[in-house]
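The following exercises concern a predicted model and are each followed by a worked solution. Please consult the sequence and the structure while working through them.

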Amino acid sequence: MPLDFKEIQDKFSFQLRPWQRSFQFWVRAADIYAGYKVFQVRVSLVKDVEKQEAMWERQHERAAEKIYAMCSDLGGFFLKVAQIIGKPDLAPAAWVRRLVTLCDQAPATPYNTIQLVMEKEFGQSVGDMFERFEPDPIGSASIAQVHRARLRGDKSDVVVKVQHPGVQDLMMTDIRNLQAFALYMQKTDIKFDLFSITKEMEKQIGYEFDFAREADAMERIRCFLYKNNKKSPVVVPRVLPDMVTRKVLVMEYINGIPILNLGDEIAKRGINPGGKIAAAAKQNILKSLTLAYGQMILKSGFFHADPHPGNILICKGSEVALLDYGQVKDLPDNLRLGYASLILAIADNDPIRASESYRELGIDTLSMCEDEQKEMLRLAQTMFDTKLPPGVAMLQPFSEESSIKKIAVQAFPEELFSVLRTVHLLRGLSVGLGINYSCAEQWRPIAEEALYLAGRLKGTPSGKDRKTKGRRQGFSRRLYHRG
């Protein structure tokens, strides 16, 4: 049967979408970039420092509106971009205020389309599989949306994650545009290997479209954390193994509140958000997340690589649930142990070891300053610790005083990007919770244990007698029970 005019029009429009998105991205990105370059000339003519700061604030506000509009209109991958750059330590305050509202606000796919995807994947009707299926999603992100449901013959609720149809091709188009922009930026303004980072993003996001892979990752991490602790520091949802396909994933429902709503929930319960009880709860939340990530990255090398606020729930008793295992990373042992060595260098403020660790990790740098060792340590702290170096309140890659300006990063291993992004997301969480802490100091015993077991740390970790295997297994647990 021949296609009618509307079907031809819809098909043609769908084929044009990648071209339309590319055009929109480049027009908007060029406008934002040109705005800053023109502004830099204008502000250089003003000598009064206070006037300069006021001008910068207005410029950031103008740019924030444009970035928000671009990310909101294009959606998809650009929601992830908003998550990365809209952090208090990384972006100007005006950007953060505007972009923080974009997290997990992707438009939902209509229920009838979701129903078709599920029935095609499982070969059964939704009514045959589920006693109850809520048509309105409880959340919609860039790749998929989730619905609350209950299986027939079951007493507990489940979460059903369903992929948005046609989203993969559009997101790959977005990433390639970003790669071209990153190449231009690293040649002109930011002395950092941005292209390698975008290549790793392309690889990692490509994995997110395979929910069977995500289910395997979730079970692997859940088993690791439960095996290495008397009580797992974070809750990992259980997968229903018979209900997993490439595009649909069914898992247990976890009852909790998003970490972004923690302050409102504390106030609702009549607790002073600035008091000791609230502070202790926030400390416990951050401590649990830090322990989980320290063990995953440094002991296993296989870790959840997307701890943004939308993936963290706070359950009863300040228990933390970690959701969405689409982005995971399996770090090779040489990088895992190299990062463990860097953690010790940062924790001990050791610039020589920091430089050695950078070389071991394959991070190629070029010094453009006199005190290379001092700046190398500051760069390591800036990139790989949740606590910024003394005197640094915010990352400013365009500033002449930035470590990235003084120590150019000419080559950065793609596989380390997931570690870098994870640390920066943890830093954003700590800033949001009002807690200034060093993950390097918290992870020191775990890093020591990893190096000791690999035969790369002489003597005994922390200088203490570790005669028994049981004691050695307890090094990382000491972190969890610290005050």
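**Exercise 1.** Determine in which helix Arg-336 lies, whether Arg-336 is buried or exposed, and which residues Arg-336 touches.

*Solution.* Arg-336 belongs to helix α12, residues 333–347 (helices are DSSP runs of H or I with at least four residues, strands runs of E with at least two, numbered from the N terminus). Its relative accessible area is 11%, so Arg-336 is buried (under 20%; exposed is over 50%, partly exposed in between, with a 1.4 Å probe and protein chains only). Not counting residues up to four places away in sequence, Arg-336 touches Ile-297, Leu-298, Lys-299, Ser-300, Gly-301, Leu-331 and Ala-450 (heavy atoms within 4.5 Å). A polar atom of the Arg-336 side chain lies 2.8 Å from the backbone oxygen of Leu-298.

**Exercise 2.** Identify the pairing partners of strand β7 and state how many of its residues are buried.

*Solution.* Strand β7 spans residues 248–252, and four of its five residues are buried, so the rest of the structure largely encloses it. Strand β4 (residues 158–163) pairs with β7 in the antiparallel sense over five bridges (pairing requires at least two DSSP bridges), with Val-162 opposite Val-248. Strand β6 (residues 239–244) runs antiparallel to β7 and is joined to it by two bridges; here Val-244 stands opposite Leu-249. Three residues separate β6 and β7 in a hairpin.

**Conventions.** Residues are numbered from 1 along each chain as its sequence is written. Local features need pLDDT of at least 70, side-chain atom pairs count only at pLDDT 80 or more, and totals for chains, interfaces and linings use all residues, while side-chain values use heavy atoms, leaving out hydrogens and water.

Notes
A polar contact is a pair of N or O atoms within 3.5 Å; within protein, one must be able to donate a hydrogen and the other to accept it, and residues adjacent in sequence count only if both atoms are side-chain atoms.
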